[in-house]
Amino acid sequence: MSENLVIVESPAKAKTIGKILGSKYRVMPSYGHVRDLPQRTLGVDIEKEFKPNYTVSPGKAKVIEDLRKAAREAEAIYLAPDPDREGEAIAWHLQEVLASAAKNKPFHRIQYNEITPRAVRAAFENPGEIDMDRVNAQQGRRVIDRIVGYTVSPLLWRRIKRGLSAGRVQSVALRLVCERERLIRDFVPVSYWVLGAQLRQQTPAAETFTVKLARIDGEKPGIGTEEQAAAALADLEGRALRVNSINTRAVSRRPLPPFITSTLQQAASSVLGYSPSRTMSIAQKLYEGIDLGEGNTVGLITYMRTDAPTVARDAQNATLGFIRSEYGDDYCPDKPNIYKSRSGAQEAHEAIRPTDVTRSPKDLAGRLSATELKLYDLIWRRFVASQMTAARMNQRTVLIDSEPPPAQKHQYQFSATTTEVTFPGFLRVMELDIRKSLAIANGKDEDAEEETDEVERLPELKEGEIVDLVKWLSDRKETKPPSRYSEASLIRALEADGIGRPSTYAAILETLSQRDYVTREKRMLSPTPLGFQVCDLLVDKLDTLFEVGFTARMEQQLDEVEEGEVDWRQVMEDFYKKFTVWMESAREPPADRDKVAAVLAEFEHVKEWAPVLKRGRRVYDDAKFIASVGEQLAGGGRPVTERQLDTVVKMALRYQKQIPGVRARLRDLGFEELAADEATQPPRPETREKFAILRTQELSEEQNRFISSLEQQVETGRRLSEAQVGALDRMLISNARRIPDFEKVCERLGISLPSGALAPDNESPLLIEALGEIKEWREPTKRGKRVFDDQAFVKSVAEQFKRKGALSDRQRAAMKKLMLRYKSQISNIGERMAALGMQMPPEKAEKAADTAKKAKKTRKAADAEA
């Protein structure tokens, strides 16, 4: 029997800690949260001080049962999830569900910043209790997010489409992306010219160097037209160029602080191309433990969710000792480097650093995967560099004047600057481009373009020296719009605005992508049309709720809850008062009661209602809907909305055959736009004939379901949209070869027949026959949500050809690619390809020829034996 039970979140972490603690401890995983708010209800009792109604998380009943059994047998229970809000909440939920099974056995809270023998044993020697302030901060965030999401998301469902979601922080991030995109779209570029010169010293074999125009008559040049540029160059023609001054100044650049969560995600995105979620997944593995061989499983980095760049004193001393031994005393600062946290940082954890600085990336090559090693290398270098001395450089700037002839008055001055490293300091480890490192050190976006006079090198010049002109330089440029947010720069913006916390950045970006609110192309984020639609609606209806400042203040209040400065229920109450006012103002305005009554009265003429329509779980019953709106109006409670009234008007127009003159009366009531809307017109007469023709064809199940849904729509008196008509026509065209006199059918029904639609498809039978010889297929592969299965594809197109008598150009092209992929299994491949007008790539042609020769020899040998 185990003496003590230790519970962590993951199996990997359990394995690492179990090896450290030994046989006296039984280490089990909880697989994350074991309780949460229910999935299908609000789960918050607002009347009882926002009490959360927690339920067992899906799939966790067996986990809890096993943990309870272990708790009964243990002498003490040690709760060791991660040392942050989420980890504290997991520990508290575990204590709540295990308390009855433990029966007065002690619970201990264990926290450690790294999973190493020293840190874990020290944590178990000094166990603590659950921090309820931290738990309440997590509960507050969870409850607020649930109230916002559960209440606001239906607004999107009603106005846009079902299945969309709004989130307290997610929607603010979307707003930033959309506002940036609008700035880009509205940006009007302005042209300007940058002038300069390519020069050379008056010595044999002198190299050229470049200078830029820095001043005209002592002012910055503002050359906005080609004419101004040409005039300046004409004015410069023939002037002597003399070195005015050479200024050398010593500059130093301090290293960047060690990584925190946000800066790690930014750097991994910029340097390695990793998404934030991928970065955190890899970092989690490095933190929880990697098997380095011979059963030596150890955590390689400290906890990766942190917003403080602080470093433990013993880790700092060990790093300074490593720097001295590896690089020398000159690379160690006189005093250890101390980095300040941003305002509002939790400072509960250290920066992200290696657990053992002597374990260099070189030592781990072959023991980590390529992705793990790259991220570890990034963390290791950044941390070691952060503890080193500043880089020292000399910046040399030369100013060159153009000497004007007597007739010319304008003074022109050119400049160029070069930077030379005199002592690399932290750059010895970072291995960065000097100019880029200076830009980053100054807080500039590494992707930003800036006009500077920086050049790679300058010759040794002297004041008063005359230099020769090689050629004048004139470069037309345009002002550029702000860059789109990358994942890295969006995280930086969220952090700067005080939005989100280390544990949420990756999830925010992942949600935006999964909901199809943004697309990611070359690491840049741009809103989709759906993203714009969602953002515009939320900003229009709930501007303050999704305003950057309000969201940042909410984050600050949750931090105050964690610090024990304010009760979380008070924060909830203050928020909910504002929230209910905002939601009330966001509701649709009530419709005019007299108009509602007048439109409902029109339905007194209706004797025959459209059949009940069922789509999935939803049932559409016109008679019941009209009756319910009438009851709502008569009840005097919840008012009928403008949206409901619009639906009633559209329905009245669908029943216009039974309600003579209804369109004119609705116009008189002020519904001119709806009365004139194409969608409210009766179904087109040719639509039913299209359905009848398609019903004679052999269609797939999916196509039959689609036709049935359109037929139901027409039966209820609703006209098909242009998109639906287009889909119907394409289905008819795809079956053209099976429909007699199809050209006449198209003429009669107004279908536009593409050229070549009725041309015979002679290739598909040859392709299907060739691919039918394949016996061994590749395993299906998955890319994102799509599954690529060669065998299933061939079977599908063969069935489609049987039904339609033809395949599309795209389908035939895909089949030709498969022929090349499986050529070794297809007999007479060369002849078949020739018949299809295909050419085999040269290297593949040679191999195919060899294969054909071998096959021919084999057949001859077999014939001889026979």
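**Strands, loops and cysteines**

Trainee: How many bridges join β10 to strand β15 (residues 412-423)?
Mentor: Before we dig in, keep in mind that this model is predicted. Strands pair through backbone hydrogen bonds, either parallel or antiparallel. Here β10 and β15 run antiparallel, and the number of bridges joining them is 4.

Trainee: Which residue in β15 stands opposite Leu213?
Mentor: Stay with the pairing of β10 and β15, which is antiparallel. Go to Leu213 and look across to β15, and the residue you land on is Phe414.

Trainee: What about the pairing of β9 (residues 191-201) with β10 (residues 208-216): which residue in β10 stands opposite Ala197?
Mentor: These strands pair in the antiparallel sense as well, over 5 bridges.

Trainee: Over how many bridges do β14 (residues 391-403) and β15 pair?
Mentor: β15 pairs with β14 in the antiparallel sense. One spot to look at is Gln395, which stands opposite Thr419 in β15. The number of bridges between β14 and β15 is 11.

Trainee: Phe50 and Asn104 each have a positive phi; which one is buried?
Mentor: Phe50, with phi near 60°, lies in the loop between β4 (44-45) and β5 (51-52). Asn104 has a phi of about 65° and is found in the loop between α3 (85-102) and β8 (107-109). Asn104 counts as exposed because its relative accessibility of 82% is over the 50% mark. A relative accessible area of 6% is under the 20% cut-off, so the buried one is Phe50.

Trainee: Is Thr551 buried or exposed?
Mentor: Thr551 sits in helix α18 (residues 548-562). Leaving out residues up to four places away in sequence, Thr551 touches Arg168, Val169, Val172, Ile499 and Leu545. Its relative accessibility is 1%, under the 20% limit, so Thr551 is buried.

Trainee: How many disulfides does the structure hold?
Mentor: A disulfide is a covalent bond between the sulfur atoms of two cysteines. You might look at Cys332, which is buried with a relative accessible area of 7%. Cys746 is buried too, at 3% relative accessibility. The number of disulfides in the structure, though, is 0.

Trainee: Which residue's side chain makes a polar contact with the side chain of Arg118?
Mentor: Start in helix α4 (residues 117-125), where Arg118 lies. Lys335 is 217 residues from Arg118 in sequence and 26 Å from it in space, C-alpha to C-alpha. The polar contact in question spans 3.2 Å, and the partner is Glu114.

Conventions: Residues numbered from 1 in each chain as written. Predicted model: local features only at pLDDT ≥ 70, side-chain atom pairs only at ≥ 80, totals over all residues. Heavy atoms only, no water. Disulfide = S-S within 2.5 Å. Buried < 20%, exposed > 50% of the residue type's maximum accessible area, 1.4 Å probe, protein only. Helix = DSSP H or I, 4+ residues; strand = E, 2+ residues; numbered from the N terminus. Polar contact = N/O pair within 3.5 Å; in protein donor to acceptor, adjacent residues only side chain to side chain. Pairing = 2+ DSSP bridges. Contact = heavy atoms within 4.5 Å.
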